Structures are given as C-alpha cells and as structure tokens.
Amino acid sequence: MTSPQKQVKLSLQTKLLFVITLITTLALLGNSALTYISAVRVNEQASAKRVGELFGIFEKLVERSTQSFEDILTQVPVDAYSGDKPSSQPPALLSLNPSIESMALHQFDGRRVRQWQADSPTRAPGETLDERLITIVSEQQQPLSRIFCTTSCYQISFVPVISSDGTLFILSAVRNLQQIFVDFAVLTGADVAFLKSDSSRLEPTISSNAASTSPLIREIQSLTGFLSQDKTVYTRTSAGLYAAARQPLPSRYTVTPINTVILSDDSDAQAQIQDSLKGGLIASAIALLITILLTYLALRTALKKLVNLSKAIPMLSESNYDRLRDSLQRYTRKPGYLDEVDQLNFTVLEVADALEEMETAVAEHRQQLVHKIAEHREAQDFNDVLVNDSPLVIAAHTLQGDIKLLNNYGREMAGWTRLDVDHRKITDLILPDLSGHSITENLTPLISGKQTRLQTEQLIRSSSGTVSDLMWVHARVQANNEPLILSVGLDITERRKTESRLRWLSKHDNVTDLLNREAFHEEASLLIQQYSDSHLVDLMLLDIDKFASINDMYGFHSGDSILREAARFVERLITCDTIIARTGANEFCALLIIDKDDYEQNGHPLHNRPLHFYSVLDDDTVEITLTGVLATYAQDGYNIDELVSNSAAALRGLKPIERGKINRISESIDSRALRQEKLQVHDSIVKALSDERFVLLYQPIYNLSKERISHCECLVRMRSEDGHLVSPAAFMDIAKENGLMARLDLLVLRMALEQLGAWHRQDVDLKLSVNITAATFESDLFIKELKSLLLETGARPSQLIFEIVETEAINNLETARELCERLASLNVQIAFDDFGIGFTSFEYLRDLPVDYIKIDQSFIRYLYKRKSDQLLVKSMVDMALALGKKVIAEGVEDDGSADLLRNMGVHYLQGYYISRPRRVSELDLNYTMTVQ
Ligand code: C2E
Ligand code: MG
Ligand code: MG
C-alpha cells in the first residue's frame, strides 16, 4: 500500500523540465550578460583608443594647417611695402582667406612696418602679441606659429620674408582656428574643443560645435569629472553615449597652456551592441523553447516509464508479481529500441522473477522447515516420552562403563536421584547374571566392536534392596563421535513370576498343590523306568466318597478345602517314596516306590492304613472317607497309562470294589475290559463318521465392546444309533488315538462352512470358530480342502476362525506357524485354545501370529471365587493385551466372573453364563448382557 507521504506531489517530469529551463535560462542570461559586458568593455577600449587617435589626428590637422599657412605667408610679396613708396594696400591674402583676422609686416628688429585688419575681424583690436616671438624668428630666421586663446582661439604665425631688394622682413598673420575644428568634426565625426587650462570655467574657448559641445562637456564633467583625469571616460549623457578625454595641447603650439577635449559619440556602437544582444536573447529564448520542447518530447516516454516503474516497484515488496509484470510489460519496448529505462524495466522484471522464484523456494523451504520442525518436535516428544515416560529402563554408558544417562524409570527402579547417576558405573546398576557374569563381561563383544547388539537377562537391585528381573537389549551406538552403549531393559519380574507360576501350574493342581494328571504320567513313567527292577512299584488311585454331596451341602469353598485336606491326608498316608497327583475332580493318584527289603520286613506301607479323616465344615465335624484301588506294576508290558486307566475303570465301578478301603486289583483282567470298551467306542465313531451322525452345537461368544454376540464356537456331538448325543469327552481321546480326527475335523469344517454360507446368504453377520487338531493341520491336503470347501459353500474366509489347542500348537511349532501364515494369507483368523494349561512361555505367543487367545476354562470357571485364579488370569490378560492379541475367556459361568473379566480388559466372553452350546435354531443371537 502506498502511504500518503509517498504520494508524488511534484512530478519528476515537472522537476526535470523546471531544472532544465532554469539552467538553460541562467546559462543564456549569463552568457548574454557576459557578452554584453565584454562587448561594452571592448567598445570602451576601442573608444579609448579611438579617442587617443583623434587627439593625434587633431594635432596632425593643426600641424599641417600651420605649415601650409606658413607656406602661404612665405609667398606673400612684400616689395610693395618696402622702398620709398610703400603701398598701403593690404596683401591680397587677407581678403582671400576669411579666417585671417589680421596681418602685419615687421622689420627684422621687430619694428612694425605695416598692419592690416580683415574687414570683419572676430578678434578685438588692440590685443597685443608677444614681441618675444618676433625676436625668436629674426634670430632663427625660421617660421614660427603659436596658438593663443582670448575670447576665442587664434594662431599667430611669423615667417621671415625677403624683398626683392634683399631686405629682410618678418610677416605675421593671425588667423581664426575655427575652420580646423570644423574640419576635424567633419573628418572624424567627433567634437573637439579647447579649454584654457588656467581657467576655472568649463566654457570652451573654441569648439567644433559651439551649440552642443559646451553643455556636453559640462554634463560629462559632472558625471565623471573627466577633466581632472588623464584617461578616457565613457558615459551616458542626455545626448547619447559618449567617450570623452582631455589632453594638454603640446607647448610647441601654444603660448599659454591649453587643454584639448575630444568628445566621441558612441551611441551607435552601443545601439549595435544592444541590438545584437537583443537578437542573441531572442535567438536564445527560441533555442531554449525548442530545447525544452525537445527535452520534453525526448523524456516524456522515458519519464512515463519511470513513473510507471516507480509505481510498480512497491509491488515487489507486496509480492504482487503478476500485476507488476502487467504494468511493466505495457511500457517495455520491443528489443531493438531499448533505452536505459527499458533495461531498468527488464531488470525489475528479472528481479521480480527471481524474487518470485526465491519466495516460492522460501515458502517451500519454510513449509519443509515447518514440517521438519513438527517432525523434529514430534520425534523429540516421542523420544522424551520414550526415554522418560516409557516403562523401560534406558541407560547410556561409555565403553568404560560410566553412566551418561539413566531415564526416570531407571532411576526410580534403582532408587537413585538425578545426582546419584553422576559418577556411577553401569555395574552399580545391573547385577551379575545367573552364571555370575558381570554386565561388563557380558558386554565384551559390544565393547570390542565384534557385535553391535546383544541381549541379556540381568537383575537390578534398588537402594531399598528390591530386586527386579529385566530383559536387556544392549546396542553399541555412536553419539557425538563417542561410542556409547545403549542398554534398554524391560521389567519382566511380573512376567517371570507369572511364567513360573504357570509353569508350576502346568504340572500341578491349583487347589491341592499336588501334581496334575499329565505331570504325574510323565514323572511316573520315569520312576517306573528307574525303579521297576529294584523296587516294588504300586499305583494307588483314590477318590473321596460322596464328594458331590459334600459340595452340594457345604458349597464350593468347603469342597475345595476338603480336597486340600484330602491331599494332605494322602501325603501323610504314604510313608514310602512316592509321587502324588490329583488326577480328577475328587481323584488322587500316587505311585509308590517300595523298598523290597522294607516290604519283606514291614509289609506294604498302606497295610491297615485308615482311609478316613475328620473335617470341620460349617461347625459340623464331618467324617470324610476315601476309597482306593491299588495295582502293582508287573512289568508285563503295560505302561503307566494303561495302569491308570485300569485302576480308574475299577474306581468307576466297572469292577466291584469295597468303598472306604484300599482294594488291590488284578491288572490283567481289568486292562482287557478297558480295551474292550475302547474298541466299542472306536467302532461307533467309525460308523457315525460314515453315517455322518455328527451334529454341531453352537456356543455364542459375546463381544464386550460391541455388546453383542459376534461369533459362535462349533462343538461337535456324536449322535448314537439310539439318537442321543454323546459329548466329545466320551469319544475324542479314542478318535485321536486311532487317527480319526482328521476325518472328523473335516466333517465338522464342512458343516460349519455350510452354516456360514447360509448365514452369509441370509445377511447374518456372525463368525464361526472351528476346532482343529494337530492331525488335521499337519495334513498337506488341509489348505487345499479348506479352499475348495470355501468355494463350494460360499462362506467368507473372513468369517472363519480356527481354534488350535495351545499345547498342540507348541508341540508342532513350525507347522503351526506355517499354518497361521497360510491362513492369514487367506484372511482366516486363528485362536489359541485352552491357553494357560500347557504353559511353557509367553515367548511362543509372540512367535505365532494368532489373532485370539482363549484362556482355558479351568482358570475362568471359579474366577469370581478364587483370588489365585484372578491374579493368574489378570497377568495372562495383560500379557496378551501387550502382545496385541484379542482375549476370549471361556467357561464364564457367573456374572461376578463376567464383571471381573470385563474390568480386566478381556474382549470376549464364552460360557454357560452367556449360553450353553445349542442347535442353530435355538440360538438367541440378539442376546445382550445386562451390565451392572
Ligand atoms: P473347547 O474347544 O475348549 O470347548 C469348550 C468346552 O467347554 C466345550 O465342551 C463347552 O461345552 C465347554 N463349556 C463352554 N462353556 C462352559 C462353561 O461355562 N462351563 C463349563 N463347565 N463348560 C463349558 P465340549 O463341547 O464338551 O467340548 C470339549 C472339547 O472337545 C472342546 O474344548 C474341544 O477341545 C473338543 N471339541 C469339541 N468339538 C470339537 C470339534 O468339532 N473338533 C475338535 N477337534 N474338537 C472338538
Ligand atoms: Mg475350542
Ligand atoms: Mg477350550
């Protein structure tokens, strides 16, 4: 925007024209004045010179006139005036020459002989002459003339003359000089006058022009006082411009001193000078006008362009480049007729282009800078958050182990202040590992530069003595040209605790702390191998009589405490080396290793042992009795599984036993019966498979965030020939043992996909999860089969979830990983079933790309009542969430557990609390949980 101060008040054009006019005018006037002055001066000098010459001319005129007069006088005949009869007639000259006033003839001794007077003399008679002059002439015998002034000025001339008789006479004549003055005026045009130098009067005695000379002399004298000066004066008088000078007449001409005055009229010369000056001025004025006009015309366009440029240039600062270009291009000539302003325009256009380019570049740079600053800030914030707010210990230390940085979390964990960190060594922070190696020893490959990254697991001890277990990742980095080691530690104390608890649980029973079934089988097998040759090995199976009614009468808590008491009772009961397990709801199993010598001496350690104890339940003292079967390992080829199944069959009542006692059984008979039973089940499975007598029940799975049923698990049931449904527990193990699972799984998959296809066509948005066993997913044909079934049924793969039992997946880790990846590529999801039971490590969870984990129902079913389960489930959920998995809790039977699970952050619930497994027609898919 143009500010008011910047508005043009006097245009450049006007200023330029004014200045040019002023300068030209001044130059012209100055030049004219100088010319005039120098012309006047030259004229004055010329006049002075001329006046000087006029004096010379006048003198010459006087001299020549005198001479010719004296010659004339010499010619006058004087004979007539000598002798005896002298004539009285005047000489003829007197009458012939009117200027002669008088004549006289003198003897040489000076005596006057005769005197003649003109007829009308101007001179007064009686004026005397200087007699001395005659003396001079007679002595010198040379003519002599002298001028003298009285009322007028005259010249007297004496010439010696000789008569024919030889008498010498002197002839004198007085003549009026007026004629010489007139001649001079006619000859030169100037005036001349004689002033008596002794007279104070300015009145000339004689002058060339009696009427005008006298007033002129007076006027010039009054103006210049020239009569008292020796130089020529130059002055303007009423009669014109005059040069005037005075000179004394040389004494050889005069009797008394006389001043000659010459007045030269210079008016014409002056007029000429003035005329030429006037002409010069007019010519100059015209030249000036033409100059101004031409200058104006020459500058008009350029000035217009300049004005336009001056208006356009501020647009540069306003970044108004397009307008600037428009405005300049109108005034920019085509190449070939360029002037400096055009070049300036081009330069400004180039500057505009450059500025615009620069501005664009600057804008881009600014934008990039803003981005970079934002990114940098984000990165800085991110780093700050990462370093100081993340639940990771971050330490930077030199190769010598001096700690340079320890983040908030690390300081909190170590119990150090910021100041404590200075001068601390990394060995002060990180304790040696389990093998006793210090952190410095462990970091040797990094310090030596052989490796750039390594992982350790080492503890931190806080100043209060608390020890935390950390998983460390150490990396060698370069910071400010100094090699540093960056150690990042993740606190895995809780995870390790959970893991060890889960590991313990994977082998033990949560309620009684005894071994569980699987661990018992493993350990028992080992013990049998070890001791069956040297010792007696007995298997004892016990259950608590009427346990179900105790549970009913006194409740779940009492049931659990009876189980614990029973466990302790069994431990006390067996005095020999043993392993004891809880193998069923109220079933205990023990392997007894009996020293043969001991047995010989003391009999069987269980001989006569009471199988009852007392317990206080709700202030009642209740007698708890147990029933047991005892089988001896007889080295006849049966393994522990068969030994257990045999005993279990006896306990289940397949063989008559006495309750409340330990019953020794014969293993061979019972195992045959068991095998028979298994064979029957196997046959019925095979038959059911070929008859397709399997039905699917669907158990809804509830999405807690969407508050709706999101998918269902397919649970298979075998329909017996008489029409009732047999649950998987009765046939699944036998199907697995006999390699029937692959067929069964595929049958289930086909039924599930047909259901999915139907739902898809009915626009029902539900997923289905299908259980598959290792036998199925290990098969090369599985994926192929799956693809063709998907095509055949029209089911969408995104609606399908496969459930793989955790233990099976881990036992076949590579195949499971491959399967997961292939299924993921088909957009099919994977769930880790029965999670927590066969626990080994959470690391597997990270390795396998599964989408869901299903926490096993044994952890969930009594969740609300068991604190220990809550702690376990909480840590499992936290771990799974940290690994980005969706968590399903199965076996939810009550609202208390449901609430707990919701609060723990579990995503999905499955269990009788939501719905039992049902036929598809019986499903309530609009079910919504009432949130308390
Ligand atoms: P799973 O896959 O863990 O299935 C969950 C089991 O827990 C089902 O038993 C279900 O009825 C039961 N259940 C669900 N909610 C609750 C609850 O709140 N309380 C209690 N006490 N139990 C609940 P089901 O149907 O007897 O199946 C047992 C197992 O048999 C299944 O465990 C699965 O491993 C296997 N199975 C079932 N159907 C199939 C199948 O089609 N194919 C394969 N390969 N295995 C199957
Ligand atoms: Mg399942
Ligand atoms: Mg399960």
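Okay, hi everyone. Some housekeeping: residues count from 1 along each chain as its sequence is written, and chains are lettered from A and ligands numbered from 1 in the order in which they are written. The model is predicted, so to speak of local features we need pLDDT of at least 70, side-chain atom pairs count only at pLDDT 80 or more, totals for chains, interfaces and linings use all residues, and side-chain values use heavy atoms, with hydrogens and water left out.

Let's start with a sheet. It's open, has five strands in the order S7-S6-S10-S9-S8, and the pairing is antiparallel. Strands here are DSSP E runs of at least two residues, helices are H or I runs of at least four, and both are numbered from the N terminus. Two strands pair if DSSP finds at least two bridges between them. S7 (206-207) and S8 (233-237) each have a single partner strand, so one side of each has no neighbour in the sheet. Look at S9 (240-248) and S10 (258-265): seven bridges join them, and Tyr242 sits opposite Asp265 in S10. Helix H4 (178-188) lies across S6, S7 and S10, at about 145° to S6. Contact there means heavy atoms within 4.5 Å. Axes are lines fitted to C-alpha atoms, for helices over the stretch in contact, with angles from 0 to 180 degrees between N-to-C directions.

S11 (392-398) and S12 share three bridges, and Ala396 has Leu405 in S12 as its bridge partner.

Now, the ligand. Which residues are closest to ligand 1? They are Arg717, Asp745, Gln857, Glu893 and Tyr912, out of 24 that surround ligand 1, where being near takes a heavy atom within 4 Å. That shell divides into nine nonpolar, six polar and nine charged residues. Nonpolar means Ala, Val, Leu, Ile, Met, Phe, Trp, Tyr, Cys and Pro, charged means Asp, Glu, Lys and Arg, and the others, Gly among them, are polar. S23 gives the largest share of the shell, four residues.

For atom pairs, a polar side-chain atom of Asp833 is 2.9 Å from an oxygen atom of ligand 1. A polar backbone atom of Val716 is 3.0 Å from a nitrogen atom of ligand 1.

Methods: Polar contact = N/O pair within 3.5 Å; in protein donor to acceptor, adjacent residues only side chain to side chain.
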